[in-house]
Amino acid sequence: MKTKQVNFLNEKEGQIRFFQDLRISADVSLTNNTDGVYKGTLFEFKLTIPDINKVLFQSIKYLSHLRIKGQSVPKTILLVALNEGIGYKFESKDFLNYIERVY
């Protein structure tokens with residue numbers, strides 16, 4: 001998914017705008033030590049994503065921590081490069097072997 005490029009100065013500013021644009025309460029942000037879990041989607045925001053694998057691995061570790069706490073693992077992972085206007089969508093089930101590990 002790609003949108004118009006913007007120049008946010010920090011992730012929080014971009015998160016707020018992202019959630020406003022989608023008409024989602026910004027209260028979902030920064031829950032469970034992530035950038036937000038909303039209706040089965042884990043959000044991970046970065047100003048830019050030069051290494052998608054690094055950000056994806058960070059998200060997988062978050063999902064592992066949720067699972068260990070006994071919480072439901074969101075179905076979808078959405079990595080958002082705020083200033084690039086790009087979103088990368090992944091399905092958690094594709095990374096189950098990694099999510100089941102303890103980090």
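## Aromatic cluster

Phe18, Phe19, Phe43 and Phe45 are joined by ring pairs into a cluster. The model is predicted. Its aromatic pairs number eight. One of them is Phe18 with Phe19, an edge-to-face pair with ring centres 5.7 Å apart and planes at 75°. Both partners, Phe18 and Phe19, are buried.

## The Phe57–Tyr103 pair

A pair of aromatic rings is described by how far apart the centres are and by the angle of the planes. For Phe57 and Tyr103, the centres lie 5.4 Å apart and the planes stand at 85°, which makes this an edge-to-face pair. The pair links distant parts of the chain, its two residues being 46 apart. Phe57 belongs to helix α2, while Tyr103 belongs to the segment after α3 (96-99).

Buried residues have under 20% relative accessible area and exposed ones over 50%, with partly exposed in between. Phe57 has 37% relative accessibility and therefore counts as partly exposed. Tyr103 is also partly exposed, because its relative accessible area is 34%.

## Nonpolar surface patch

Phe57 and Tyr103 also take part in a nonpolar patch on the surface, together with Tyr98. The accessible area of these three residues together is about 280 Å². Helix α2, which holds Phe57, spans residues 52-68.

## Nonpolar cores

The largest nonpolar core has 13 residues. Within this core, the residues with the most contacts are Leu56, Leu63, Ile77, Leu79 and Phe95. Two elements, α2 and β3 (76-81), each give two or more residues to the core. Helix α2 gives the most, with six residues.

Phe95 is in contact with Leu56, Ile60, Ile77 and Phe90, leaving aside residues up to four places away in sequence. Among these partners, Leu56 and Ile77 are, like Phe95, listed with the most contacts inside the largest core.

Another core lies apart from the largest one and has nine residues. Its members include Phe8, Phe18, Ile24 and Leu78. Phe18 is also part of the aromatic cluster with Phe19, Phe43 and Phe45.

Key
Residues are numbered from 1 along each chain as its sequence is written. This is a predicted model: local features need pLDDT of at least 70, side-chain atom pairs count only at pLDDT 80 or more; totals for chains, interfaces and linings use all residues. Side-chain values use heavy atoms; hydrogens and water are left out. Patches are made of residues with over 30% relative accessible area and no salt bridge: like charges are joined within 9 Å, nonpolar side chains (Val, Leu, Ile, Met, Phe, Trp, Tyr) within 5 Å. Accessible areas come from the Shrake-Rupley method with a 1.4 Å probe; for residues, only the protein chains shown count as cover. A salt bridge is a side-chain nitrogen of Lys or Arg within 4 Å of a carboxyl oxygen of Asp or Glu. Helices (H or I, at least four residues) and strands (E, at least two) are DSSP runs, numbered from the N terminus. Rings of Phe, Tyr and Trp (its six-membered ring) pair if their centres lie within 6.5 Å; planes under 30 degrees apart count as stacked, over 60 as edge-to-face and the rest as tilted. Buried means under 20% relative accessible area, exposed over 50%, partly exposed in between (1.4 Å probe, protein chains only). A nonpolar core is a set of buried Ala, Val, Leu, Ile, Met, Phe, Trp, Tyr and Cys residues joined through side-chain atoms within 4.5 Å. Contact means heavy atoms within 4.5 Å.
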